[in-house]
Amino acid sequence: MASFIRDIAEKIFYNEPSPPPRKRDPSKPMQVICPGFPRSATESLQFALLKLGYDHTFHGYDIMFEEPHRMPAWTRLARRKFDGADDGDCTITAAEFDELLGHATAVVDTAGSVFASELIAAYPDAKVILNHRRNLDAWQASCLANLGPVNTSRVIWLTCIFTSYGYWSWQFFMRYGLGGVFRAGTSGSFGLLEYAMRKNGKWIYREHCAMIRGLVPPDRLLEWSVEDGWEPICKFLGKPVPEEPFPRVNDPVGFASRIDHWSKLSEKAFMRNFGIFCAVVVGAVAAGVYFIV
């Protein structure tokens, strides 16, 4: 029943136009998969791979900010993985991924980590860079300091109820994507992801890294931390080492600016829809009082 109501709401209130599926150019296969969790130097790694010629390198920010966005399609894949068939299995083909990633030769951050095992199976010739943090305490603290407030913000939560853009952002990132990874369940309840990251984050991080090591042959796998810089990546990928310093981006200030940009994209729709909702509620109450009196 709950999924039936959800489907109706998505058709009526949260319907978004579906952009045409992407098609991969056979001359530009998926070459690099980076399955490390968010807050593991993912944007720095994206900038580095772009510098090395992997254009486009797809980041979690692309899921939210590419125009037109494809968050409903990403959500459907995440639902299939974390709230799918009763046989307990999930297979996503290269053709299905290419509909969303067909323009990319590398993938990092949320898409790379949420669908790590499926991407590795779908693109068996791609090399894998397991980007990880050496200090798990620092990684968890970064998640809680940056992602946690997003999951516990009542303003963001209301925005995700009253705008379709916000709704699909919450559905993919908070409810099914990261929520699934960190064993938060699929209810999407307010604050539940923050709780799951706090309670489960470290052991899930360790198990995730162990899974990657078990899935990828040693000759296709590089374990890398941002402190390692250019040399291991360039040697692994057969690229010359750039003369410039390794990029360092997406600090807390940069993350906050992304959230601010997300809010601005939703602002007008939120004010309009929330205003309509309030007007309907006030009108209904006034009508009820009138007829009762």
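Tutor: Before we start, a helix axis here is a line fitted to C-alpha atoms over the stretch in contact, and angles run from 0 to 180 degrees between N-to-C directions. The model is predicted, so local features need pLDDT of at least 70, side-chain atom pairs count only at pLDDT 80 or more, and totals for chains, interfaces and linings use all residues. Residues are numbered from 1 along each chain as its sequence is written, and side-chain values use heavy atoms, with hydrogens and water left out.

Student: Great. At what angle do α8 and α10 cross?

Tutor: At roughly 115°, with the axes of α8 (residues 136–151) and α10 (residues 164–181) coming within 11 Å. That makes α8 roughly perpendicular to α10, a label for angles of 65 to 115 degrees; under 35 is roughly parallel, over 145 roughly antiparallel and the rest oblique. Helices are DSSP runs of H or I with at least four residues, strands are E runs of at least two, and both are numbered from the N terminus.

Student: Which residues meet there?

Tutor: From α8, Leu147, Val150 and Asn151 meet Trp170, Met174 and Leu178 of α10; contact means heavy atoms within 4.5 Å. The residues of this contact divide into five nonpolar, one polar and no charged. Nonpolar covers Ala, Val, Leu, Ile, Met, Phe, Trp, Tyr, Cys and Pro, charged covers Asp, Glu, Lys and Arg, and the others, Gly among them, are polar.

Student: And how do the axes of α9 and α10 cross?

Tutor: The axes of α9 (residues 154–162) and α10 come within 5 Å and cross at roughly 110°. That makes α9 roughly perpendicular to α10.

Student: What does α9 bring to the contact with α10?

Tutor: Ile156, Trp157, Thr159 and Cys160 in α9, which meet Gly166, Tyr167 and Trp170 in α10. This contact has five nonpolar residues, two polar and no charged.

Student: Switching to the sheet: what's the strand order?

Tutor: It is an open sheet of five strands, β2-β3-β1-β4-β5, with parallel pairing; two strands pair if DSSP finds at least two bridges between them. β2 (57–58) and β5 (221–224) are at the edges with a single partner strand each, so one side of each has no neighbour in the sheet.

Student: How many bridges join β1 to β4?

Tutor: Two bridges join β1 (residues 32–33) to β4 (residues 127–131). Isoleucine 33 stands opposite valine 128 in β4.

Student: Last one: where are the domain bounds?

Tutor: Domain 1 is 20–250 and domain 2 is 251–292, bounds that come from an automatic or database domain assignment. Their C-alpha centres lie 30 Å apart, and 19 residues of domain 1 are in contact with 15 residues of domain 2.
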